[in-house]
Amino acid sequence: MSSGMRIIVAEDEQEFNLRAASLVVETLESLNNPLVTFPTGMTPLGMYRALVAEYRDRPLWRTLRFVSLDEYAGLPPDDPRLFSLWVAKECLDPLSVPLENRMCFVSNASDIDAEARRMNEWLLIHGPLDLAVVGIGSNGHIAFNEPGTAFESGAHALALTPESIRSNARYWGGEDHVPRHGITLGLANLAAARHTIVLASGAGKSDILARALTGPVTVDVPASYLQTISNVSILADKAAAQYII
Ligand code: GLP
């Protein structure tokens with residue numbers, strides 16, 4: 001485990017959500033016009049509710065700049081499965097983050113590789129990220145950086161792995177409803193972030209969290225890039241943290 005890594009273990013779900021929200025707000029309030037990315041998935045939902053309940057009146061949301069972490073590819077702009085709509089509904093809309101401050105992947109771009117290049121070019125001008133809040137997939141993916149993705153990767157389009165399709169099935173009522181392709185910030189975009197907060201909850205994440213933080217740094221476990229960067233806070237509940245404490 002890298003020495004600059006801070007591990008916070010929450011006793012229960014309520015502490016996990018409140019701690020995640022306070023960590024995010026403390027970090028954002030220490031920065032000017034911060035550029036942030038937030039994850040989808042089940043893990044951050046309680047944090048979003050805590051941000052809205054406890055911190056919605058903070059001035060910071062008016063100047064926050066948001067960039068998509070990942071997205072399914074090929075969906076129309078009103079498809080309810082879009083991660084951009086998910087984050088908007090749970091977090092950006094209730095916190096009144098201005099629409100013009102949101103840089104989102106266009107899922108149905110006619111050329112998805114060109115869309116990834118557009119994001120990389122945008123980040124060259126407006127980046128790097130000040131804060132990356134990320135979850136971890138059960139196969140070690142971060143965003144949609146699937147096992148085998150180069151650590152040097154920028155934003156890119158990809159085919160979801162069968163394991164990711166299986167784990168995303170719970171969001172949409174079955175594997176048949178999970179889109180097969182995605183677009184994601186790359187590991188190099190994420191590693192360049194000035195601050196990183198990783199959220200992991202539940203026993204299902206315990207093995208992969210230990211492999212990512214204490215195992216070899218390898219493209220087989222994309223989240224192992226976390227060992228190579230500074231200013232990383234890991235927030236885990238007791239079940240997810242069982243092999244790292
Ligand atoms: C999804 C998302 C990731 C998310 C991860 C974990 O596939 N693309 O950004 O972090 O899987 O999701 P969950 O929190 O539901 O376990």
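A residue is termed buried when its relative accessible area is under 20%. In the predicted model, Trp86 has a relative accessible area of 12% and is therefore buried. Tyr171, with a relative accessible area of 18%, is buried by the same cut-off.

A pair of aromatic rings is described by the distance of the centres and the angle of the planes. For Trp86 and Tyr171, the ring centres lie 5.0 Å apart and the planes stand at 80 degrees, so the pair is edge-to-face; planes over 60 degrees apart fall in that category. The pair connects distant parts of the chain, since Trp86 belongs to helix 4 (residues 83-92) and Tyr171 to helix 6 (residues 162-172), 85 residues apart. Both residues are also members of one aromatic cluster, formed by Tyr72, Phe83, Trp86, Phe144, Tyr171 and Trp172.

A further contact involves helix 1 (residues 13-29) and helix 2 (residues 45-55), which pack at an angle of about 65 degrees with their axes 8 Å apart. The crossing of helix 1 and helix 2 is right-handed. On the side of helix 1, the contact comprises Asn17, Leu18, Ala20, Ala21, Ser22, Val24 and Val25, which meet Gly46, Met47, Ala50, Leu51, Glu54 and Tyr55 in helix 2. By class, 9 nonpolar, 3 polar and 1 charged residues make up the contact of helix 1 with helix 2. Glu54 in helix 2 is among the contacting residues and, as a Glu, counts as charged.

Notes. Residues are numbered from 1 along each chain as its sequence is written. This is a predicted model: local features need pLDDT of at least 70, side-chain atom pairs count only at pLDDT 80 or more; totals for chains, interfaces and linings use all residues. Side-chain values use heavy atoms; hydrogens and water are left out. Rings of Phe, Tyr and Trp (its six-membered ring) pair if their centres lie within 6.5 Å; planes under 30 degrees apart count as stacked, over 60 as edge-to-face and the rest as tilted. Helices (H or I, at least four residues) and strands (E, at least two) are DSSP runs, numbered from the N terminus. Buried means under 20% relative accessible area, exposed over 50%, partly exposed in between (1.4 Å probe, protein chains only). Axes are lines fitted to C-alpha atoms, for helices over the stretch in contact, and angles run from 0 to 180 degrees between N-to-C directions. A crossing is left-handed if the near helix is turned anticlockwise from the far one by less than a right angle, and right-handed if clockwise. Contact means heavy atoms within 4.5 Å.
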